[in-house]
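Here are my notes for your review. Please read them with the structure open.

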Amino acid sequence: MPRRTDISSILVIGSGPIVIGQACEFDYSGTQACRVLREEGFRVVLVNSNPATIMTDPEFADATYIEPITPEFVERVIAKERPDAILATLGGQTALNAAVALHDNGVLERYGVEMIGANFEAIHKGEDRERFKEIVAGLDVPGARPESARSVICHTLDEIMDAVGDLGYPIVLRPSFTMGGVGSGIAYDEAELREMAQIGLAASPVTEVLVEESIIGWKEYELEVMRDRADNVVIVCSIENVDPMGVHTGDSITVAPAMTLTDREYQQMRDVGIAIIREVGVDTGGCNIQFAIEPETGRMIVIEMNPRVSRSSALASKATGFPIAKIAAKVAVGYTLDEIPNDITRETPASFEPTLDYVVVKVPRFTFEKFPTADDTLTTHMKSVGEAMAIGRTFPEALGKALRSLEDPRAPFDFTSELRHSREEYLRQASRPHDRRLNKVMDAIRAGASVADVHEATGIDPWFCDQLVQIFQAARALQESYNMDPVLLRRAKRMGLSDAQIGTLRNTSDEVVRGVRWALGVNPVFKTVDTCAAEFAAATPYHYSTYDEEDEVARREKPAVLILGSGPNRIGQGIEFDYSCVHAAMTLREAGYETVMVNCNPETVSTDYDTSDRLYFEPLTLEDVLEVYHAEFDHGPIAGVIVQLGGQTPLKLAAALKANGVPIVGTSPEAIDLAEERGAFGDVLAAAELPAPKYGMAQSAEQAIEIANGIGYPVLVRPSYVLGGRGMEIVYDDEALTGYINRATFITPQQPVLVDRFLDDAIEIDVDALFDGTELYLGGVMEHIEEAGIHSGDSACSLPPITLGKEVIDRIRVSTEAIARGIGVLGLINIQYALQGDVLYVLEANPRASRTVPFVSKATDTQLAKAAARIMLGQSIAALRGDGMLRRHGDGTTSLDSAPVAVKEAVMPWNRFRTPEGVSVDSLLGPEMKSTGEVMGLDSLFGTAFAKSQTGSYGGLPTTGTAFVSVANRDKRHAIFPVKRLADLGFRIAATAGTAQVLRRHGIDVTVYRKEHQGPGADGTKTVVQGILDGEIDIVFNTPQGSSAEGSPRRDGWSIRSAAIYMDIPCITTVQGLSAAVQGIEAAKNGEVTVRSLQEWAADVRAELAE
Amino acid sequence: MNSPQPVPALLVLEDGRTFRGESFGAPGEAFGEAVFATGMTGYEETLTDPSYRRQVVIATAPQIGNTGWNDEDDESRRIWVAGFVVREASRISSNWRAKRDLGDELKAQGVVGVTGVDTRALTRHLRERGAMRVGLSTVETDPDKLRERVLQQPAMAGANLVDEVTVAEPVVVPAQGEKRFTVAAIDLGIKEMTPELLSRRGIEVHVLPAGSTIDDITALGPDGVFFSNGPGDPATADDAVALLTDVLDADLPYFGICFGNQIFGRTLGFGTFKLKYGHRGINQPVMDLATRRVEITAHNHGFAVDAPLGETTTTRWGDVRVSHVCLNDDVVEGLELTRDGAVAGFSVQYHPEAAAGPHDSAYLFDRFCAVMTAHQDGHSAGKDA
């Protein structure tokens, strides 16, 4: 069946900001979908609030709306664009929920918009747990008895307590219609159950929780299923979880293909999967079905299905080379699978099932270090923020590569450090699922645990346990051999050990190991992911390294540029860097280079096999990158290696790569060091006569106090060389400083602590600029809404800067050029300034692509990352202006009447983390970055743009109701005006006694709540927290009282903010944020908010520039 | 749990390409045609499939043996492959049905197994150069000497192996549930799942030796006749062609699988030819040209029927057309004979009995029942008239 001709325009919904459980995999799928639909000649209309995505690049859709993904905003887009169809199965749960809401409120029917991919009925059948169970029970599959776990749907706590009487403990709770398992978990006793039941009921938009018999410890599998409208169905991939049931699949180590099923069991699972997709009625496209198998009997239970493309679909696509989202988009518009060619073989159709001749391992990336009070036990509620995937010919090889891809020095196995505990103790530690579990398993094996011991303690399948034992045996054999025996060395490499691990085992450095290895000829070869286990030749060079015999890298004529990606997503380094790498690949391919991508993140666009000319799915470590470089070096000319677009990951390899003879293009490794090293950077600033906040370097508490007193409090303290402000704090006195130093165990004379003067009450400014050695192009100047001291990644900001005059911007331009020239930048530079009074301080400079590059690029209609890549390979800014890649005159700060105000807002993961006692982790912003993603609000006025950014990030600001205000003394003066304005806008104001007193003096009518530590009043006055929990408050404004010596913010503030998170109401923690919010509320009250596409904005801007 | 000292093993192809690995089956030497199989599951079924007689199977899936050996999934009474080559053999079994390790079973049945081979390189070699003879040895260390012995082996083209695999005496598989039909199934190397799936549909299956005559068949009063899969070159199977000619002359409904498809093709006047490296996997897309539906199918064939796509050929038994085609390479995957608008016989080149493989094509067994029913009705209608 060919493409449908009865529809011509399609609305695609993206997934919004990156949050835990919904990351850049939906940019990957959405980008593929948009590309396919445009190629097929459809008019594509896109809504996505996330500017850091490739899919929101203006060339991927005909009309790109960076607007909040709420039913109201999507309706406005529909009313304006009148699409024929809506495709919501590629934008995660966010898109699916938006589409369901638009169906429920009649908008789709009113405007005649058809849901393609999965219709409303199918979505409900798949997502409504009770209906899904009925479907499973009613399936007719010869030879199989599909069943679901026994369960009861509950809407109240009482119903839940009744249900547990039948089902017993432990018991599983799953709230309906949530993503990434929000609010779900396993309760082992009544106390746990009561607490989790309340959270779960609150998390579900329909106050519904499924209470289910526990199948913890069972084997867990997933199938990725694809169907077309002629009812052809294929299984794209099977995935087996190493962690047994009980851990969210997003937090599990997973393997493709399934490793421990016989064909009979696999085919039975396949039959059930196919029967489910048919019965649920997903017309076209992909879905994901999860299964559990009882290890002793083989009893199979269907856990759930996602009637849409999922995180696992992205993994399956990368694992097999079968592009699920792309094919899903094609079948959604009418093609059948046999009509779609397999891109990789070119000769064969997509109506087949990929077969693998390698093993793929995915490992989750956690950031518990960012939330030290959070409980790191893994449950059915997803907590990881990213993942790395690795490919090897065997599970041990792929696992070793995956663990080192995480860039966490503690992740790869440690075979040498002293064992501090007994085998029994390690087994006990391994029995609790947590982020370090596999390392504990290895410790237990080192301490003598057998396969049976490990299986009994952890439930991990004995086959995987034995693979781990084999890894240990290979390491031990190499360690014990007299010299670095080539046979044992090869064996160890085949078991996935890195040069660094071998160095530790042999008591030498990884360089020495590498030298010996190369001298002995123990080198990896590169094989190809081809969907068919070599049955047919592959046209796409999608490679992975393995210690095997035959290499498959082809010769090439064109000069190659290697682009090093950014590795697994983590807080502080996410999709924004992938965006820059992808842009470099696109523009350098156009410029005639052969682009070679190296990355290990399966969620990204960069690891799509057709983003670059060649893809190496490899860890971003020195060893692995050098091997890729050598492989490419042996097969054709190399123009250079790009390290400045993928964030810190490639940047920190730059010097070592150069030392190994790898040509780095763009800013040199020496220049990178210059910017990172305080003393040298200070010299650059001094030479340019630019002020920086006073600072000092301390190696002890005494030294730190001395420096702090010299500079004057408050001071900002942090370890040197950090990403995302890790370990940073602002301290206000000697006591707090001593506390910080004492807690910061990572301080050594080699790794001193930086003590900076903290600029109170300053405006922080972020700049992204291009420099070609001669000319500076100021890409954009962003003014932070929160004051200096909040990490730039967590701060909202505005472009153009809302309060800065031309004179300040001119000074910024001059200063930026002086710094870029002084460092020796070739490409991008990001500088953070603070404007205090009339002094422009330089806070820091990063000679690389920053997190804000995509935001600036979209706000100014200029693709900075592409320009940077061209500059790195020798083009001048003047030439790029001539080509139209950069503005011919002026730059990103040129004042234009037609340009939008763009506001970026960070999205925080507070609701994901709880302390072991079950309370929320604190939601305070500070110098350490904690946000997972961002949204953009665009409008001609700041207030409206800000309001849109709030709506996009957490659902929006209230326009009526009660605002609770509690501010630190130092903020009271600044808070009065915006609070008064709120009162004038009709809000009721509530406060604690101290703040209330101040506000009343200004004629504001205030309701008083008691502080939490005071408890309820004798007259029945509630505490603030009680008021919030009772739904009396619609927005909280609370600034922190500074830190106590233990580094934990004062208890009252914490409980207020926790209650706000619990009730899902806005909680603003800075004065500047309050002012912006008031403007946003005012804008929202003052009339109709409109939507406008990037293309419309750009057309006006271009016309004005051409005048 | 330290592994015993590995025993080196040598693999030499007839063109001289050599791979080294380690022994994981029986010690000794083995020869056959080197073929690769791309299924990620189902090694137990593959090893016991008689169609692999005199073939050395290379598994493209790298880690093999993980689920051990369970005795339940065997497709015949023994392992038939001449040798088994893998990238990484599992040293333990993990499955609730497993009885012993794969390596132990290979040893017990005297089958040479080699692990540690770059099976992807070997597969690519066979894909580019075509299937060829191979030798495995755990005793020879000189590749040239082993190659001399490889070159002395007979080639697969021209090999008649049916007599080596067929049953000695008839075996009856009773119908499950109510008996609806009697079928004579000629064993050219039949897999156990085939009579199983037939019997589940109420068919009493008489599995007959390949040397049976038309009289042996008609003596059973069958409602239909089935020719199974099997090893070797269909061009040599003149006896089977002669038998099927008699069957069609006797107006008995026919169903054939794999070898049975090739015999059907030859009987209807088409030729057969050897594919460069064959189809061996469980992920192959086949289109039923009548319905345009795609099924994912299990394949194991090195030869194919040379029949025209999209044309009808007239024979003395009726009109023949190609009913199924492999979407990867347009190889004929099924034939259908119709007489007076009714299906008189049909066959497929692939394996609807699966084992190993997907169950998408199980409908063909129902189709056979439908053909037999229609045939009975037609006959009784004829008698009434």
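The points below cover confidence, domains and contacts.

1. This is a predicted model. Chain A has a mean pLDDT of 91. In that chain, 96% of the residues reach 70 or more.

2. One stretch of chain A needs care. Residues 1043-1049 have pLDDT below 50. The model still gives this stretch 17 contacts beyond near neighbours in sequence. Where pLDDT is low, predicted coordinates should not be read in detail.

3. The assignment for chain A runs from domain 1 (9-118) to domain 6 (940-1085). Domain 3 is written in two segments, 362-377 and 392-522. Domain 2 of chain A covers 129-360.

4. Chain B is assigned domain 1 (8-151) and domain 2 (162-384). Their C-alpha centres are separated by 29 Å. Each domain puts 22 residues into the contact between them.

5. On the domain 1 side of that contact in chain B, strand 3 (29-37), helix 1 (43-47) and helix 3 each give two or more residues. Strand 3 of chain B has the largest share, with three residues. This side holds eight nonpolar, eight polar and six charged residues.

6. Now the contact between the chains. Chain A contributes 48 residues and chain B 43. On the chain B side, two or more residues come from each of helix 3 (119-129), strand 15 (271-288) and strand 16 (293-306). That side of chain B splits into 15 nonpolar, 17 polar and 11 charged residues.

7. Note helix 3 of chain B. This helix is listed for the side that touches chain A, and also for the domain 1 side that touches domain 2 of chain B.

Methods:
Residues are numbered from 1 along each chain as its sequence is written. Chains are lettered from A and ligands numbered from 1 in the order in which they are written. This is a predicted model: local features need pLDDT of at least 70, side-chain atom pairs count only at pLDDT 80 or more; totals for chains, interfaces and linings use all residues. Domain bounds come from an automatic or database domain assignment. pLDDT is the predictor's confidence in each residue, from 0 to 100. Two residues are in contact if their C-beta atoms, placed from the backbone, lie within 7 Å. Helices (H or I, at least four residues) and strands (E, at least two) are DSSP runs, numbered from the N terminus. Ala, Val, Leu, Ile, Met, Phe, Trp, Tyr, Cys and Pro count as nonpolar, Asp, Glu, Lys and Arg as charged, and the others, Gly among them, as polar.
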